[in-house]
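Have the sequence and the 3D view ready as you read.

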Amino acid sequence: MTAISGKVVAITGASSGIGEATARLLAERGAAVVLGARRTQRLDEIAQDICGHGGRAITCATDVARHEDLERLVGRAVAEFGRLDVLVSNAGISKIGPVTDLDVDGWSAMIDVNLRGVLHGIAAALPVFRRQGHGHLVTTVSTSGLKIVPTQAVYAATKNAVRTLLEGLRQESTDGVLRTTAVSPGVVRTELADSIDNADVREQIRRTMDEFAIAPEAVARAIAFAIEQPHDVEIGDITIRPTVQS
Ligand SMILES: NC(=O)c1ccc[n+]([C@@H]2O[C@H](COP(=O)([O-])OP(=O)(O)OC[C@H]3O[C@@H](n4cnc5c(N)ncnc54)[C@H](OP(=O)(O)O)[C@@H]3O)[C@@H](O)[C@H]2O)c1
């Protein structure tokens, strides 16, 4: 038995990268996982693999830009496993490029997924956490919000909006029911660069990933560390980056 064993954890953006690695690790350590994302075939394959190795996993088609999808994801966890202990709001996109590109559609998409998606998760999970008397909200933000660099201003702004949101929520929730954790990864080897529309920036990020990115499993271990603490211990912020990242 571990402190993670038996927990019910819903994860958005579980079809690849950090979300997939987190789902696999938590399931391996005995959690029941509820996988949400839009690519349902990939979710089903991951869930089948987890179940094939003796784990517990179900899937739920989820577009985090839609509030009702988060309600469905949380509802699936409660219906199938009786409760929701942790929501990992991890889904994110990175439509980065210079602000002067004026990519209004890309900005809106990042706000919809990276910020509104987390708000939708909070709206769906908080009533369940309050009813149960406990719950843990984990979000994947970014070192982009800690060190602001060219081409990442709007992406970083969405991540820092989430950081601010979580700190406000934390201060409003000191009655012991809710734990909040913001995980800030640096460069991680995932499919995130695929969502970049600016070809030059996309190639540059891919080169950086090839050069020194860490594996998504490293971030999954950091998330597991926050979850496995006793309920009176809240890990507020974790920054996890390649040792060589400037
Ligand atoms: N990789 C890095 O270097 C890095 C660094 C710092 C922070 N992060 C953050 O880490 C998180 C995970 O990204 P990743 O690096 O693991 O990249 P990834 O492999 O591209 O994973 C992104 C996940 O988000 C999901 N997603 C995107 N839009 C969605 C939507 N509208 N509704 C539901 N799910 C959606 C994708 O699934 P579907 O396409 O199937 O929906 C996918 O599962 C993101 O929040 C990202 O900003 C990544």
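## The largest cavity

The largest cavity holds about 30 Å³ of space. On a 1 Å grid over the protein atoms alone, a cavity is a set of points where a 1.4 Å probe fits but cannot get out; grid points are joined across faces, edges and corners, and a volume is the space filled by probe spheres set on the points. The structure has 1 cavity of 30 Å³ or more. This is a predicted model, where local features need pLDDT of at least 70, side-chain atom pairs count only at pLDDT 80 or more, and totals for chains, interfaces and linings use all residues. Residues are numbered from 1 along each chain as its sequence is written, and side-chain values use heavy atoms, with hydrogens and water left out.

Which residues line the largest cavity? They are Thr12, Val64, Leu70, Ser89, Ala91, Val113, Gly117 and Val118, where lining residues have an atom within 4 Å of a point. Helix 4 (residues 104-132) gives the largest share of this lining, 3 residues; helices are DSSP runs (H or I, at least four residues), numbered from the N terminus. The lining of the largest cavity has 5 nonpolar, 3 polar and no charged residues. Here Ala, Val, Leu, Ile, Met, Phe, Trp, Tyr, Cys and Pro count as nonpolar, Asp, Glu, Lys and Arg as charged, and the others, Gly among them, as polar.

## The second largest pocket

Now look for an open space. A pocket is an open set of points with protein on both sides within 12 Å along at least five of seven lines. The second largest pocket has a volume of about 220 Å³, and its lining includes Arg24, Glu28, Asp49 and Arg56. Helix 1 provides the largest share of that lining, 3 residues, and helix 2 (40-52) supplies at least two. By class, the lining of this pocket has 3 nonpolar, 4 polar and 4 charged residues.

## Around the ligand

How many residues surround the ligand? There are 29, and the closest are Ile18, Arg38, Arg39, Tyr155 and Thr190; a residue counts if one of its heavy atoms lies within 4 Å of the molecule. By class, this shell has 13 nonpolar, 11 polar and 5 charged residues.

Polar contacts are pairs of N or O atoms within 3.5 Å. An N or O atom in the Arg38 side chain is 2.7 Å from an oxygen atom of the ligand, and a polar side-chain atom of Lys159 lies 2.9 Å from a ligand oxygen atom.

Definitions and conventions:
A polar contact is a pair of N or O atoms within 3.5 Å; within protein, one must be able to donate a hydrogen and the other to accept it, and residues adjacent in sequence count only if both atoms are side-chain atoms.
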